[in-house]
Amino acid sequence: MSFSLRFSPKVRHLLVLVVVCVLTLLFFWRSESSSAVSIPVETFPDKRVAGNHASADEEGPVQLPVTAEPGVSEAGEENAFAEAIEPQPTSVDYQIQSGDTLSEIFEKQAIPARTLHQLLEADAEFLALETLQPGTSLRFSFDSNKQLQSLELELDPARTVTYSRLEGGDFEHELVTKPLHWHTALVAGDIQGSFYASGLEAGLNKGQVAQVSQLLKNKLNFRRDLRAGDTFSVVVGEEMTATEATGNTRIEAIVMHRGSKNYYAFLYSDGNYYDESGESVTPAFLRYPTKRHYRVSSPFNPRRLHPVTGRRSPHNGVDLATPSGTPIMSTGDGIVSRIGNHPYAGKYVEVEHSGAFKTRYLHLSKILVKRGQAVKRGEKIALSGATGRVTGPHLHFEFHVKRHPVNPLTAKIPTSAQVPEDGLVAFKRQIRRQMAQLKQPEQAPTQLARRSEADARGRREDWTKLCKRPGQCRYNTSSKQ
Ligand SMILES: [Zn+2]
């Protein structure tokens, strides 16, 4: 017997009405609650993305917590929403984390590998994508079709590199530098044990200690000549924007007081170091990084035009036709500042020399030095090869003065042994001021230099990079510190 038969027709009608009402209410409640979460959620490929900016206007997609219940279809509302809002150009900020690789970061942003390679190709003459380290900020800008239009890297608080897409898909490199000035601080100490330990104790960083040793090594033997109680003072310049330190430092003046004698080195405006009588304290640079002089297979040309695309495609070094396996020498005393493996530049070594000079050696088959190692002028640092994208074995050799590439074969590199005659008056005036600065360690606080050392360690030294395959360099924070 059926249950409904027990009710009178009137009651049955009422019951049906109630059921219909409840169902209707339920339907509207459901659709209302689901519409509250059906706004398309801009899912970030990674939680660490710091922000999302619509470049066209301020109204970017809104990120809402997802609370949709299972079984509720949202397809209809989503389509309606997609029609209401046109896709907008977007940009995504990302900060490099320890353990990241460039290709993983690009994958997370759904950028094709081909685009990464086009970027790396544009980077070959600059190696800016090779300087990425934990803390470096990236900004990806996409057009409305989600195609990457530009990549911005904040290398330090003063320098931003932008790779912008050109017609045809290639990228162009541009470096923008904020106005800079140098702030100076005095670091002073006395010798207790080695100069290395005493220098670190006083507040110099490892690179600065190595540089002081290199600058004075022709005047005194750091291992044999120094005694407990000898003193040293170093004027350290700290590169600043209007508001903050960039983390770059330079040594501007040194005095080592040993017994009754003072040993000096002063940085002059030509980027070289001289003693108090204006004599160069470092030997002249070698012009060539090889014993034999090889044919120039491609000259230095910052305004080179690409033969096919016609766009500017600078050649920031000189190509020397070295057969694979040719020993490559550092052309000056210095510290190995970078080694790497770039898909286009191949295996490379960069050496920072005292003062304003830097050399780079690309397409190597074998690297014989470590990062942070002190090297001498003429010291073998690598074997040449044909790594990266090359048509044949050669050495690509760069010489930078004050961060700008110059022609290594013709540039006025410090081959002069003295301060040039027309600069002597200015030099004497400069060293009088710096000698006074060096003499007053008690009055000059060293905190600033200590801070800059901490900054420098944080920004420059406290990371390592594993780079088994090009484009796969993994940026790790060192656990040693
Ligand atoms: Zn080249």
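**Close-up 1. Cover over the buried residues of helix α4 in a predicted model**. The elements that cover the buried residues of α4 include α3 (102-108), β5 (148-156), β6 (159-165), β7 (171-177) and β16 (334-342), where two residues are in contact if their C-beta atoms, placed from the backbone, lie within 7 Å. Helices (H or I, at least four residues) and strands (E, at least two) are DSSP runs, numbered from the N terminus. In α4 (residues 113-123), the buried residues are L116, L119, L120, A122 and D123. These residues cover an arc of only 160 degrees around the axis, which puts them on the same side of α4; the arc is that of the directions from the helix axis to the C-beta atoms. A residue is buried if 20 or more other C-beta atoms lie within 10 Å of its own, exposed if 12 or fewer, and partly exposed in between, with C-beta atoms placed from the backbone.

Residues are numbered from 1 along each chain as its sequence is written. As this is a predicted model, local features need pLDDT of at least 70 and side-chain atom pairs count only at pLDDT 80 or more, whereas totals for chains, interfaces and linings use all residues.

**Close-up 2. Positive phi at K146 and H363**. K146, which is not a glycine, has a positive phi of about 65 degrees and sits in the loop between β4 (137-142) and β5, where K146 counts as exposed with 12 C-beta neighbours inside 10 Å. H363, also not a glycine, has a positive phi of about 65 degrees, but H363 belongs to strand β18 (residues 357-367) and is buried, with 27 other C-beta atoms within 10 Å.
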